[in-house]
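User: I'm new to this one and would like a close look at a single part of it. Could you walk me through it in plain words?
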Amino acid sequence: MENFKIKGPYWILYFPTDACNYKCKHCYLENIPENGEMNYNEAIKIFSDSRLLKDTRIGISGGEPFLKKDIVEILSGLSNLGYKLEMTTNGSFPEKIKEFLERSNTKKIDIAISIDGLKDSNDMIRAKGGFDKAIRTLKIIKEIGINRLQVNVVVQKLNIDYLDEIKDYFSSLDVNLAFIPLQNTNNIKVFYTEEEIEKMINYIHDRIDIKYIISKGKFKITDCHSGQTTCFIDPTGKVFTCMTGQRYFFPRKNYFMGDLRKFNYNFDTLWASKQADIARKNVKGCEGCYNGCEIRREKEWHGLDDNVDWENISEDGRLINEE
């Protein structure tokens with residue numbers, strides 16, 4: 001048995017729901033809720049019964065997680081099992097987030113709030129009234145206190161002229177801030193003009209993102225480790241090697257590892273199954289991608305930053321990991 005199967009994943013991305021109350025201008029996800037989302041008992045059973053997942057970090061995203069009716073119970077339940085939670089939210093449900101934090105171990109919770117500008121630009125990109133709700137959520141989180149709070153800003157035409165104002169505003173609130181470039185899918189290509197690159201380059205602090213921007217979206221990772229050190233659990237309990245192949249590729253990739261309901265919620269058995277191995281092999285034929293979840297895995301556990309040819313940062317060659 002491979003070592004990664006004995007250890008299990010270091011990080012799991014779990015979407016409690018695909019539903020979202022916003023329709024952000026830059027978002028490619030369909031955000032259509034699936035029938036049969038897992039409930040509290042199902043989600044907790046997966047993570048409480050597993051030997052392989054005891055040290056795993058859980059990423060929570062969607063959709064907007066806090067749209068789900070029993071999300072406070074699910075998230076506080078996972079937190080009180082001892083898991084570290086790393087969450088992304090649009091911040092539109094401040095009272096639910098407050099209740100969740102009051103019932104959880106806040107020392108092991110990271111939250112990123114997606115806010116794409118100051119009031120006018122954010123509400124134009126995301127939803128009317130979204131900025132005020134997100135700032136209320138931010139202030140609640142700061143008052144309660146968590147391990148790490150961050151604001152994520154997706155840089156695009158509607159906010160690229162206001163990056164300095166955005167930076168100053170969130171600096172005044174003493175909040176970590178990350179400017180994130182738009183990302184390609186296999187059939188939707190976005191890139192920045194030379195003028196836009198000039199405007200944004202000094203605000204991007206991740207070296208990999210800088211290479212991606214300068215290559216105008218051509219830089220991507222291939223031969224990655226999805227399904228080995230990370231995986232994706234969808235709202236119905238189906239497990240895939242990665243979120244990108246299942247949500248950002250059209251048609252969707254065949255990276256299906258198994259259905260937790262059919263495995264009686266036993267993640268360990270699914271992880272070592274024949275179908276999981278087939279999915280891992282299928283990943284080897286992927287044309288590559290550039291998505292935050294996948295980039296993070298390759299950087300944190302597989303030396304991505306060290307493998308980049310920084311001498312040729314403007315080149316658009318594909319990165320092949322050699323581990």
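Which residue in S6 does Asn152 stand opposite?

Analyst: Asn152 stands opposite Ala178 in S6. Before going on, a word on the ground rules. This is a predicted model, where local features need pLDDT of at least 70, side-chain atom pairs count only at pLDDT 80 or more, and totals for chains, interfaces and linings use all residues. Residues are numbered from 1 along each chain as its sequence is written, and side-chain values use heavy atoms, with hydrogens and water left out.

Now the sheet. Strand S5 covers residues 148–155 and pairs with S6 in the parallel sense, over six bridges. (Strands are DSSP E runs of at least two residues, helices are H or I runs of at least four, and both are numbered from the N terminus; two strands pair if DSSP finds at least two bridges between them.) In general, strands of a sheet pair through backbone hydrogen bonds, either parallel or antiparallel.

Step back and you'll find nine strands in an open sheet, ordered S6-S5-S4-S3-S2-S1-S8-S9-S10, with mixed pairing. Strand S6 (176–181) and strand S10 (256–259) are at the edges with a single partner strand each, so one side of each has no neighbour in the sheet. On average, neighbouring strands here are turned by 20 degrees against each other, direction ignored.

Next, look at what lies on the sheet. Helix H3 lies across S1, S2, S3 and S4, and runs at about 155 degrees to S3. (For such angles, axes are lines fitted to C-alpha atoms, for helices over the stretch in contact, and the angles run from 0 to 180 degrees between N-to-C directions.) H3 spans residues 71–80, and eight of its 10 residues are buried, so the rest of the structure largely encloses it. Buried means under 20% relative accessible area, exposed means over 50%, and partly exposed is in between, using a 1.4 Å probe and protein chains only. Among the elements covering those buried residues are helix H2 (40–49), helix H4 (94–102) and strand S4 (109–114). After H3 comes Gly82, with a positive phi near 105 degrees.

Rings of Phe, Tyr and Trp (its six-membered ring) pair if their centres lie within 6.5 Å; planes under 30 degrees apart are stacked, over 60 edge-to-face, and the rest tilted. The structure holds 12 such pairs. One of them joins Phe131 and Tyr169, whose ring centres are 5.9 Å apart with planes at 45 degrees, so this pair is tilted. Phe131 sits in helix H6 (residues 130–144) and Tyr169 in helix H7 (residues 163–172), so the pair ties together parts 38 residues apart in sequence. Phe179 and Tyr203 make an edge-to-face pair, 5.6 Å centre to centre and 70 degrees between the planes. Phe179 belongs to strand S6, while Tyr203 is in the loop between helix H8 (194–200) and helix H9 (207–214), 24 residues apart. Phe179 counts as buried at 8% relative accessibility, and Tyr203 is buried too, at 17%.

Tyr265 has a positive phi of about 65 degrees although it is not a glycine, and at 16% relative accessibility it counts as buried.

Note on methods:
Contact = heavy atoms within 4.5 Å.
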